[in-house]
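Subject: Structure handover and notes

Hi,

Here is the structure I promised to pass on to you.

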Amino acid sequence: MSPPLQAPDYRYVTEECLREWKGQSAAAFRLPDPVPMARFLYELCWAMVRGDLPPQKCRAALDSVVFVEEARQEESASVLADIIAHLGQDITISGEYRSRLVKMTKSLVESSLIVPRLLQERCEEEFLWEVELSKSKGQDLKAKEVRVNTRLLYQQTKFNLVREESEGYAKLVTLLCQVGSDLACQNASSATISIVKSLIGHFDLDPNRVFDIVLECFELYPDNSIFYQLIPLFPKSHAAQILGFKFQYYQQLDVNSPVPSGLFRIAALLVKSGLIDLDNLYAHLLPNDDEAFEHFGSFVSRKIDEATKIGKINLAATGKDLMDEEKQEITIDLYTALEMENDIIDERAPEIEKNQKLGLLLGFLSVHDWDHAQLLFERLAQLNPVEHVEICDALFRIVEKTISSAYSTYCQTHHKITRNMDTHMMDASSVSSPSYLVDLPKEFFQMLVACGPYLHRDTQLFQKVCRVLKVYHASSKESARTAGVMSPESQVEEALGSCLLPSLQLIPANPAVDMEIWGVLSLLPYEVRYRLYGEWEKDTEQNPIVLAARQTAKLDTRRLLKRLAKENLKQLGRMVAKLAHANPMTVLRTIVQQVEAYRDMINPVVDAFKYLTQLEYDILQYIVIERLAQGGREKVKDDGLNLSDWLQCLASFWGHLCKKHLSMELKCLFQYIVNQLKKGLGTELVVLEVCWLCRNFLAALVLYESEV
């Protein structure tokens with residue numbers, strides 16, 4: 001005997017109603033008021049499950065009521081099916097109550113109050129087996145349901161590429177190749193798209209495979225614009241995945257061929273046109289950024305160690321070895337850093353084939369998409385991508401294209417100015433202030449930052465950039481003065497500090513390049529120039545090529561200074577100038593340090609400096625002022641009366657230099673000494689005491705007083 005079942009509170013199926021429905025006069029009994037359908041049917045089913053009403057009397061009960069809703073028989077059958085499905089899942093209904101529920105369900109089906117289809121949709125497999133609405137047991141029916149759902153929802157349709165569908169693919173490839181090779185068909189793009197859709201539907205072609213074929217044809221004909229109208233037919237997310245799978249194919253171990261350059265090109269074109277998101281495609285590319293950064297970091301550390309060892313003294317060498325080294329012929333090596341660069345390029349050459357992200361960057365540069373290329377330059381900054389020759393050359397081509405218009409304007413105007421000056425038709429003031437305007441986009445300065453010190457690889461482009469920056473600064477300053485706004489000098493300063501000055505120390509002894517840079521620097525006030533010199537010198541030496549250039553220049557300078565004398569001044573003086581042209585900051589600083597320690601070197605060094613350019617004189621003055629302002633050294637001896645030896649040597653060196661070379665600018669030195677006097681420090685006046693005999697000293701002093 002099953003325990004009593006907790007039934008709901010009856011509101012409409014009362015004891016009086018149950019007696020009337022069980023009696024002989026059930027056909028004449030009617031409820032006085034309309035009742036809600038769902039609640040009434042729920043209570044009626046519970047009454048039959050509890051045994052209070054036989055299932056045969058269910059129709060009489062339904063005929064005796066009027067529902068509040070104007071419900072049809074189909075709606076009442078649906079509600080009864082929901083109630084039975086709910087009761088069939090109730091675990092408290094067991095024993096005789098369960099048997100009454102099964103008997104009630106069979107009776108309702110036999111009396112056509114419920115359609116079997118509704119119960120088969122909503123009831124569990126075990127309950128359907130009990131009410132004999134299923135020929136399979138519960139477990140078998142559930143397993144069959146899983147198989148059917150898998151086949152409908154997860155199993156992919158297999159397309160036969162060997163038999164009947166091959167005709168559709170053949171027609172598709174033929175159509176795309178004809179359209180791609182014939183540019184005149186671009187006007188019929190709508191007809192072509194309609195034919196492609198017809199082929200997909202008629203031959204039941206796989207859309208993903210069709211898109212893959214479209215990409216392959218696009219790779220063959222990247223200049224045809226009709227593919228930009230075909231590709232949007234496919235989902236944007238699928239496009240990125242299918243293109244990513246093409247890249248993943250070349251990542252397999254058994255595939256030895258590199259990724260074709262055409263694949264990178266079409267990927268860049270699709271990203272540039274907005275048909276694919278860069279981030280969605282970037283996730284499919286290898287290698288992982290962290291792994292690549294770690295590997296390259298160890299490589300750079302090894303190269304920096306090699307560069308640091310340049311010029312190190314071998315403590316194990318004997319006296320005879322040192323004497324033999326001293327007897328060797330004096331030579332300078334301006335190509336040590338470039339040789340190291342070539343070794344690094346050769347060692348990193350396989351990286352451009354294996355790193356698909358660098359290949360995508362090269363693809364962006366090849367299609368002149370600087371916006372996305374800059375994003376990859378920022379993401380891959382730790383890999384120093386511009387060090388690869390392919391990427392560097394592509395970047396140079398974009399820079400050349402960006403400044404082509406401005407440089408053409410410069411050349412035409414410069415030729416005109418030169419011709420007029422030859423015929424004495426133009427004065428100097430009109431030459432210094434150009435009447436034309438040169439506008440450079442902000443992307444140009446971003447490109448120079450990306451180039452970094454590697455602009456030394458193309459000296460012609462280097463000089464073009466200097467000339468364009470010079471006229472841009474002059475014209476923008478003139479336009480800013482006319483419009484009453486600030487001159488955009490910060491962009492020129494950024495180009496000098498991040499690209500031009502670092503590249504200078506990797507160009508082997510080219511005075512013409514020095515003069516071109518000075519043409520830009522001379523437009524800036526000396527405060528800005530000295531700040532750029534300080535940042536240039538104090539940059540963290542994380543680039544082994546730059547470090548090797550500095551170490552080599554320092555070593556060669558010390559070797560030359562050991563043998564510099566009046567007898568060999570002409571020969572060695574030119575060598576000193578060559579070193580200074582290539583790496584002025586390191587060479588001149590080394591010379592000034594040697595002059596502070598050895599007074600006898602002053603005259604030979606001053607005579608050798610006659611081969612320097614104006615840029616190097618300006619850097620030399622910066623170094624002298626910096627040495628004067630450097631802390632940690634006493635400027636007066638312990639007796640408190642005499643000046644320190646290094647200060648006397650430095651003042652004597654500067655005085656002889658000013659007397660010998662009239663192109664020295666003394667305004668910066670005057671300003672420094674005035675600032676020291678304002679602080680109550682007059683020790684540096686010894687420099688003026690030595691310089692007063694200089695022929696241009698009084699003129700410079702008068703000019704300084706007029707400017708102040």
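Below are the notes on salt bridges, surface patches and a few loop residues.

First, the ground rules. This is a predicted model, in which local features need pLDDT of at least 70 and side-chain atom pairs count only at pLDDT 80 or more, while totals for chains, interfaces and linings use all residues. Residues are numbered from 1 along each chain as its sequence is written, and side-chain values use heavy atoms, with hydrogens and water left out.

Salt bridges

Side chains of opposite charge can pair when their charged atoms come close. A search of the whole structure gives 31 salt bridges, each being a side-chain nitrogen of Lys or Arg within 4 Å of a carboxyl oxygen of Asp or Glu.

One of them joins Lys-106 to Glu-132, with 3.5 Å between the closest N and O atoms. Lys-106 sits in helix H5 (residues 96-110) and Glu-132 in the loop between helix H7 (125-130) and H8, so this pair ties together parts that are 26 residues apart in sequence. Helices here are DSSP runs (H or I, at least four residues), numbered from the N terminus. Glu-132 counts as exposed because its relative accessibility is 61%, whereas Lys-106 is partly exposed at 28%. For these words the cut-offs are under 20% relative accessible area for buried, over 50% for exposed, and partly exposed in between (1.4 Å probe, protein chains only).

Lys-246 and Glu-216 also meet through their side chains in a salt bridge (3.8 Å, N to O). This pair links distant parts of the chain, with Lys-246 in helix H13 (residues 236-249) and Glu-216 in helix H11 (residues 207-220), 30 residues apart. Lys-246 is buried, at 15% relative accessible area, and Glu-216 is partly exposed at 34%. Both belong to a network of salt bridges that links Arg-209, Asp-212, Glu-216 and Lys-246.

Another salt bridge pairs Asp-52 with Arg-50, where the closest N and O atoms are 3.6 Å apart. Asp-52 is partly exposed at 24%, and so is Arg-50 at 30%.

Surface patches

Patches are built from residues with over 30% relative accessible area and no salt bridge, joining like charges within 9 Å and nonpolar side chains (Val, Leu, Ile, Met, Phe, Trp, Tyr) within 5 Å. Accessible areas come from the Shrake-Rupley method with a 1.4 Å probe, and for residues only the protein chains shown count as cover.

Leu-152 belongs to helix H8 (residues 138-154) and is exposed, at 62% relative accessibility.

A negative patch is formed by Asp-333, Glu-339, Asp-343 and Asp-346. Asp and Glu count as negative and Lys and Arg as positive, with His and the chain ends not counted; the place of a charge is NZ of Lys, CZ of Arg, CG of Asp or CD of Glu. Asp-333 lies in the loop between helix H17 (319-327) and helix H18 (336-354).

Loop residues

His-284 is in the loop between helix H15 (278-282) and helix H16 (289-308), and it is buried at 16%. Its side chain makes a polar contact of 2.9 Å with that of Gln-248. Such a contact is a pair of N or O atoms within 3.5 Å; within protein, one must be able to donate a hydrogen and the other to accept it, and residues adjacent in sequence count only if both atoms are side-chain atoms.

Best wishes

Conventions: Helix = DSSP H or I, 4+ residues; strand = E, 2+ residues; numbered from the N terminus.
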